[in-house]
Each structure stands twice: as structure tokens, then as C-alpha cells.
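Notes below, in the order I looked things up.

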Amino acid sequence: MTTGRPAVTIRLAEPGDFEAITRLLEELGRPAVPAEAEAAARAVYLRHIQRPDTASLVAELDGRIVGFMSLEFRDRLNHLRPQAWIPDLIVTASARGLGIGKALLQRGFELARERNCWSVTLESGYHRQVAHELYRSAGMRDEGLYFRIYM
């Protein structure tokens, strides 16, 4: 039985995905990487995807990267198992509503289970109401607020 939805491939991010992921992060609200900082930003990206405590995933649709999710596995005091944390999750506007965000989350949950994590968490801005519905539909619960001070 087919659902009528296009086939999406979820895979680990690769070095050659830098430009596409950078554009997606800009769409998420991150600052654009200026040309003079591109080499340094690329080095940060390469270090990140090679770290053993991360898993960066991309979603491809018709050979084009349309989604990105980074996942970090971190120790938390008073827990004997790691916690998975999603610092970034974005699906490009033209591909929203196709199940891509949920597919990224589900693959992230699988990776967290494989690492024996006790939970998966993420933060999301108040204005991202559609994203909040996605998280709830994937079985996540709203359990708090986050606070920040810029340095």
C-alpha cells in the first residue's frame, strides 16, 4: 500500500553536505556564514560530524537535502545512561508536511535507543507552534522552559 508521499532517505551527514546544511540552518534562523568565515565554519562542521558523541542526520528527497537534525549524546549527573539532545532540527519550508521531520525524529530515537539513552530532549521557541505539534505527534512531551544569556 502506498501513502502517496514521496520517498525520503534519512542518512548520516557527510563532509560534502556542508553548504546544504548551512542553508537549512540559516532558514532555522541562524546567521549566514560570510565568505571570509566559510573555511572556519566548515572546519567546525567537519569536527562536529566526526565526533563520536554526535549523529547529524540529513533527509533527502529526490536527491536534494531538505532536512537536517543534529543529535548529541551527553552524560547527565545522577544518570548512569546518556541523554540524547537535539540542538537542531529543520525541514525546508517547501518540504514541510511530508513527514520528513517525523522521519528525522524517529531515526534519532532509534539512534538514542541504540546508545541506551534514558531520554531525548530538545528546546523550541514559543513561536514554533507547528513544530511543537510535530514533537507531540512523535510522542514527546512539553516539560519546561529554557533560559539563556548571551555572552
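**Strand pairing**

I started with strand E1 (residues 8-12), which pairs with E2 in the antiparallel sense over five bridges. For the record, two strands pair if DSSP finds at least two bridges between them, and helices (H or I, at least four residues) and strands (E, at least two) are DSSP runs, numbered from the N terminus. I am working on a predicted model, where local features need pLDDT of at least 70, side-chain atom pairs count only at pLDDT 80 or more, and totals for chains, interfaces and linings use all residues. Residues are numbered from 1 along each chain as its sequence is written, and side-chain values use heavy atoms, with hydrogens and water left out.

Next I checked the other partner: E2 and E3 are also antiparallel, over eight bridges. Ser-56 stands opposite Ser-70 in E3. The hairpin of E2 and E3 has two residues between the strands, and Asp-62 there takes a positive phi near 55°.

Is E2 mostly covered or mostly open? Mostly covered: eight of its eight residues are buried, buried being under 20% relative accessible area, exposed over 50%, and partly exposed in between (1.4 Å probe, protein chains only). In a regular strand the side chains alternate between the two faces of the sheet. Here Thr-54, Ser-56, Val-58 and Glu-60 point one way, while Ala-55, Leu-57, Ala-59 and Leu-61 point the other way.

I then looked up Glu-60, which is buried with a relative accessible area of 19%. Across the pairing, Thr-9 stands opposite Glu-60. The side chains of Glu-60 and Arg-11 make a polar contact of 3.1 Å; that term is a pair of N or O atoms within 3.5 Å, where within protein one must be able to donate a hydrogen and the other to accept it, and residues adjacent in sequence count only if both atoms are side-chain atoms. Leaving aside neighbours within four places in sequence, Glu-60 is in contact (heavy atoms within 4.5 Å) with Ala-7, Val-8, Thr-9, Arg-11 and Ile-65.

**Cores**

Which residues have the most contacts inside the largest nonpolar core? They are Ile-100, Leu-104 and Leu-105, in a core of 25 residues. I define such a core as a set of buried Ala, Val, Leu, Ile, Met, Phe, Trp, Tyr and Cys residues joined through side-chain atoms within 4.5 Å. Strands E2 (54-61), E3 (64-74) and E4 (83-91) and helices H3 (100-114) and H4 (129-137) each supply at least two of its residues. H3 gives the most, with six.

Leu-105 touches Met-69, Ile-86, Leu-89, Leu-122, Leu-134, Tyr-135, Ala-138 and Met-140, not counting residues up to four places away in sequence. A second, separate core of twelve residues includes Ala-13, Phe-18, Leu-24 and Leu-25.

I followed Ala-138 into the segment after H4. Ala-138 is buried, at 14% relative accessible area. Apart from neighbours within four places in sequence, its contacts are Lys-102, Leu-105, Gln-106 and Phe-109.

**Helix H1**

Last stop was H1 (residues 18-28), whose buried residues are Phe-18, Ile-21, Thr-22, Leu-24, Leu-25 and Leu-28. Seen down the axis they fall within an arc of 160° (taken from the directions from the helix axis to the C-beta atoms), so they line one face of the helix. What covers them includes helix H2 (38-50), E2, E3 and E4. Just after H1, Gly-29 takes a positive phi of about 120°.
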